[in-house]
Amino acid sequence: MDQQDARQQLEQMLREIESASAILEAEGAGESSEISHVDQHPGDTASELTDADNQAALLDNSADQKAQVVAALARLDDGTYGVCVDCGQPIPDARLEVRPEAARCIADQEKAEAAGVV
Ligand SMILES: [Zn+2]
């Protein structure tokens, strides 16, 4: 995979993650504002809690993804991009095209997920 293309894709992903999490944070802040506490729908409390939980989960997700993208950009900088961090073998282009932030080959990614590392 062309490293210039990879960098462009990763920088684009980073911008998208940052704007998505800014929107989520703004919505989360709105949840705790006085206006949204006006109780116009008694019985909706449970679904509001679920929304807050979902937003927290989405924020966690985007923070994780952002960390992966930032790490991939750092590997581009130090010349180790596209090499599996576990086995040191090149990560197939087909995988990098789908997941430019991938740090591991598919086999090692599955092992890491099974071990709870990621
Ligand atoms: Zn590997």
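This is a predicted model: local features need pLDDT of at least 70, side-chain atom pairs count only at pLDDT 80 or more; totals for chains, interfaces and linings use all residues.
An α-helix has 3.6 residues a turn, so residues three or four places apart point the same way.

What lies over that buried face? Just after α4 comes Gly116, with a positive phi of about 80 degrees.

## The zinc site

Asp108 brings us to the metal. The zinc ion is coordinated by Cys84 (SG), Cys87 (SG), Cys105 (SG) and Asp108 (OD), at 1.8 to 2.3 Å. Along the chain, these donors follow the spacing C-x2-C-x17-C-x2-D. Cys87 sits in the loop between α2 (45–78) and α3 (93–98), while Asp108 belongs to helix α4 (residues 106–115), so this pair ties together parts that are 21 residues apart in sequence.

Why is the arrangement called tetrahedral? The four donor atoms subtend angles of 104 to 118 degrees around the zinc ion, and this makes the arrangement tetrahedral; the criterion is that all angles lie between 85 and 135 degrees.

Asp108 counts as buried, because its relative accessibility is 9% and the limit for buried is under 20%.

With a relative accessible area of 44%, Pro92 is partly exposed. How far apart in space are Pro92 and Arg104? Their C-alpha atoms are 9.9 Å apart, and twelve residues separate the two in sequence.

## The chain as a whole

Stepping back, the chain has four helices and zero strands. Read from the N terminus, its elements run α-α-α-α. Of its 118 residues, 25% count as buried.

Among the contacts with a separation of 6 or more, 56% come from residues 24 or more positions apart. As for the surface, the chain exposes about 7,800 Å², and carbon and sulfur atoms supply 52% of that area.

Conventions
Residues are numbered from 1 along each chain as its sequence is written. Side-chain values use heavy atoms; hydrogens and water are left out. Donors are N, O and S atoms within 2.8 Å of the metal (3.2 Å for Na, K and Ca); water is not among the atoms, so sites may look incomplete. Four donors count as tetrahedral if all angles lie between 85 and 135 degrees; four count as square planar and six as octahedral if opposite donors are over 155 degrees apart and all others between 65 and 115; anything else is irregular. Helices (H or I, at least four residues) and strands (E, at least two) are DSSP runs, numbered from the N terminus. Buried means under 20% relative accessible area, exposed over 50%, partly exposed in between (1.4 Å probe, protein chains only). Contact means heavy atoms within 4.5 Å. Accessible areas come from the Shrake-Rupley method with a 1.4 Å probe; for residues, only the protein chains shown count as cover.
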